[in-house]
Amino acid sequence: MAPRRAVHDALLTIARALRDDQFRLAVLAVFISIAASGGEIGFRFWLSTVQTAMFGTGDARLASWAAALPWWQVLLAPAAGGLAIGLFLRYLMPGRTPQGV
């Protein structure tokens with residue numbers, strides 16, 4: 001009979017915790033932080049991929065790599081990025097006005 005009582009008490013404790021707003025908020029914060037971390041990892045991977053496509057390396061020390069590139073390639077990369085952002089704002093942004101930074 002004692003193990004049955006222990007299980008019952010454990011289930012009651014879990015049920016009380018699930019009704020507690022602070023507990024639910026803490027669990028939500030954990031899931032949001034996991035999602036934000038995954039987004040950061042994805043963003044860094046994407047950034048490295050773009051750097052590799054434009055400059056031939058995804059290394060974080062891009063300045064030393066850029067110094068060895070021809071001047072036209074160093075000039076082309078930010079210009080192409082600006083053109084891509086401009087086209088995105090012109091044709092894909094709702095209302096064609098930026099909503100933030």
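# Briefing: an all-helix chain and its side-chain contacts

Asp21 and Arg24 share helix α2, where they sit 3 residues apart, about one turn of the helix. Helices (DSSP H or I, at least four residues) and strands (E, at least two) are numbered from the N terminus. The model is predicted: local features need pLDDT of at least 70, side-chain atom pairs count only at pLDDT 80 or more, and totals for chains, interfaces and linings use all residues. Residues are numbered from 1 along each chain as its sequence is written, and side-chain values use heavy atoms, without hydrogens or water.

**Overall build**

- The protein has 4 helices and 0 strands.
- From the N terminus on, its elements follow the order α-α-α-α.
- The protein is more spread out than a compact globule, because its radius of gyration is 25 Å, well over the 13 Å that the globule rule gives for 101 residues. That radius is taken over C-alpha atoms, and the rule is 2.2 Å times the number of residues to the power 0.38.
- Along the principal axes, the C-alpha atoms of the protein fill a box of roughly 80 × 40 × 15 Å.

**Surface and charge**

- Of the 101 residues of the protein, 7% are buried. Buried means under 20% relative accessible area, exposed over 50%, and partly exposed in between (1.4 Å probe, protein chains only).
- The protein carries 9 positive and 5 negative charges, and their mean positions are 7 Å apart. Lys and Arg count as positive, Asp and Glu as negative; His and the chain ends are not counted.

**Salt bridges**

- The whole structure holds 3 salt bridges. Each needs a side-chain nitrogen of Lys or Arg within 4 Å of a carboxyl oxygen of Asp or Glu.
- In helix α1 (residues 2-19), Asp9 and Arg5 lie 4 residues apart, about one turn of the helix. Their side chains meet in a salt bridge at 3.8 Å, N to O. Asp9 is partly exposed, with a relative accessible area of 32%. Arg5 is exposed, at 52%.
- Asp21 and Arg24 form a salt bridge in which the closest N and O atoms are 2.6 Å apart. Asp21 counts as exposed at 53% relative accessibility. Arg24 counts as partly exposed at 46%.
- Glu40 and Arg44 meet through their side chains in a salt bridge at 2.7 Å, N to O. About one helical turn separates Glu40 from Arg44, because they are 4 residues apart in helix α2. Glu40 is partly exposed, with a relative accessible area of 37%. Arg44 is exposed, at 57%.

**Aromatic contact**

- The count comes to 1 aromatic pair. The pair is Phe43 with Trp46, and it is tilted because the ring planes stand at 35°, with the centres 5.9 Å apart. Rings of Phe, Tyr and Trp (its six-membered ring) pair if their centres lie within 6.5 Å; planes under 30 degrees apart are stacked, over 60 edge-to-face, and the rest tilted.
- Phe43 and Trp46 both belong to helix α2 (residues 21-55), 3 residues apart, about one turn of the helix.
- Phe43 is partly exposed, with a relative accessible area of 44%.

Terms used. Charge placed at Lys NZ, Arg CZ, Asp CG, Glu CD.
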